[in-house]
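Here is a colleague's note on how the parts of this chain are held together. Please read the points with the structure open.

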Amino acid sequence: MMKIVSFKICPFVQRVTALLEAKNVPYEVVYISLSNKPKWFLDISPHGQVPLLLTQSGTALFESDAIVEYIDEVSEPIEPGISAEQKAIDRAWSYMATKNYLYQCSTMRSADKASLEQRAEKLSKIFAKAETALTQQAHQGPYFKGGMLSNVDIAWLPLLHRAHIIFKHTGYNLLAGNPKVILWQQGIMQTSIPQKSVSADFENAFSSFYLSKDTYLGNFEDCPSNIDRCNQSQCCK
Ligand SMILES: N[C@@H](CCC(=O)N[C@@H](CS)C(=O)NCC(=O)O)C(=O)O
């Protein structure tokens, strides 16, 4: 069975486990501490980052893009029979998401209102691009390309799942102003792949890091009515 070397709240890891969940490919997860990386991991990981995939024959694969492509090649395609052109388009949409994973992390970790709003505004640009694409294709959902779950959904899933948790706990919507993206997020959440692709205590681990005393989002005691993105009906913890 494949093994994924993981860190609980890493979005790059979640993209890989989400793909495995979507395809029903069995896998094991091995968690490591990134502040105290074990020697066996450093010995097999060229850049010391997770995710790392250990194949059935024990080969270590690194870089989530390469791992996702490997999984696609060795298992049933998530979306059978798509053309080379469509694959290239899907990869491009996927890169748009994955290139912004770390930026979403730093947005959520913002220490004050000004940084949060400035970063959220910048992050919004990719959600607005997805909104335009969904509008152009007269999106009926529930997934990015309509009725069939694709690699694009899997690449965006960590962003959309984490935006969902932030909204649930704080009322702050990173997707504000992009109604079709919000519908798409609901479609993804309903698959339960987001929940299955992380550990049972993910939401706690995620919240203690991103909604801690050190972050602006973690310090909402009352409805943050001073925040434009707040949906008043849901913003109290
Ligand atoms: N380009 C890498 C990025 C992976 C990455 O940034 N992983 C982070 C955790 S989310 C990590 O391992 N950080 C530890 C380190 O860089 O030392 C990929 O796509 O796999």
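1. **Domain contact.** In this predicted model, 17 residues of domain 1 are in contact with 27 residues of domain 2. The domain assignment puts domain 1 at 2-74 and domain 2 at 84-234. Their centres, taken over C-alpha atoms, are 23 Å apart.

2. **Buried area.** About 1800 Å² is buried between domain 1 and domain 2. Carbon and sulfur atoms give 62% of that area. On the domain 1 side, I9, Q14 and R15 lose the most area to domain 2. Together these three account for 36% of what that side buries.

3. **Polar links across the interface.** Eight residue pairs are in polar contact between domain 1 and domain 2, counting residues at pLDDT 80 or more. Which elements give two or more residues to the side of domain 1 that touches domain 2? They are α1 (11-23), β2 (27-31) and α3 (64-74). Helix α1 gives the largest share, nine residues.

4. **Salt bridges between the domains.** Two salt bridges are found across the interface of domain 1 and domain 2. In the whole structure there are eight. R91 and E69 form a salt bridge through their side chains, at 3.7 Å from N to O.

5. **D201 and K8.** These two residues form a salt bridge, with the closest N and O atoms 3.0 Å apart. D201 sits in the loop between α9 (193-196) and α10 (202-210), and K8 in the loop between β1 (2-6) and α1, so the pair ties together parts 193 residues apart in sequence.

6. **K145 and E79.** Here the closest N and O atoms of the salt bridge are 2.9 Å apart. K145 is in the loop between α6 (113-136) and α7 (151-170), while E79 is in the loop between α3 and α4 (84-98). The two residues are 66 apart, so please check both loops when viewing this link between distant parts of the chain. K145 is partly exposed at 28% relative accessibility, whereas E79 is buried at 12%. E79, D90 and K145 are linked in a network of salt bridges.

7. **E203 and K168.** This salt bridge has its closest N and O atoms 2.6 Å apart. It joins helix α10, which holds E203, to helix α7, which holds K168. The residues are 35 apart, and the pair links distant parts of the chain. Both ends are partly exposed: E203 at 26% relative accessibility and K168 at 44%.

8. **Cysteines.** C10 counts as buried, at 11% relative accessibility. C105 is likewise buried, at 11%.

Key. Residues numbered from 1 in each chain as written. Predicted model: local features only at pLDDT ≥ 70, side-chain atom pairs only at ≥ 80, totals over all residues. Heavy atoms only, no water. Buried < 20%, exposed > 50% of the residue type's maximum accessible area, 1.4 Å probe, protein only. Domains from an automatic or database assignment. Contact = heavy atoms within 4.5 Å. Buried area = accessible area lost by both parts, 1.4 Å probe. Salt bridge = Lys/Arg side-chain N within 4 Å of Asp/Glu carboxyl O. Polar contact = N/O pair within 3.5 Å; in protein donor to acceptor, adjacent residues only side chain to side chain. Helix = DSSP H or I, 4+ residues; strand = E, 2+ residues; numbered from the N terminus.
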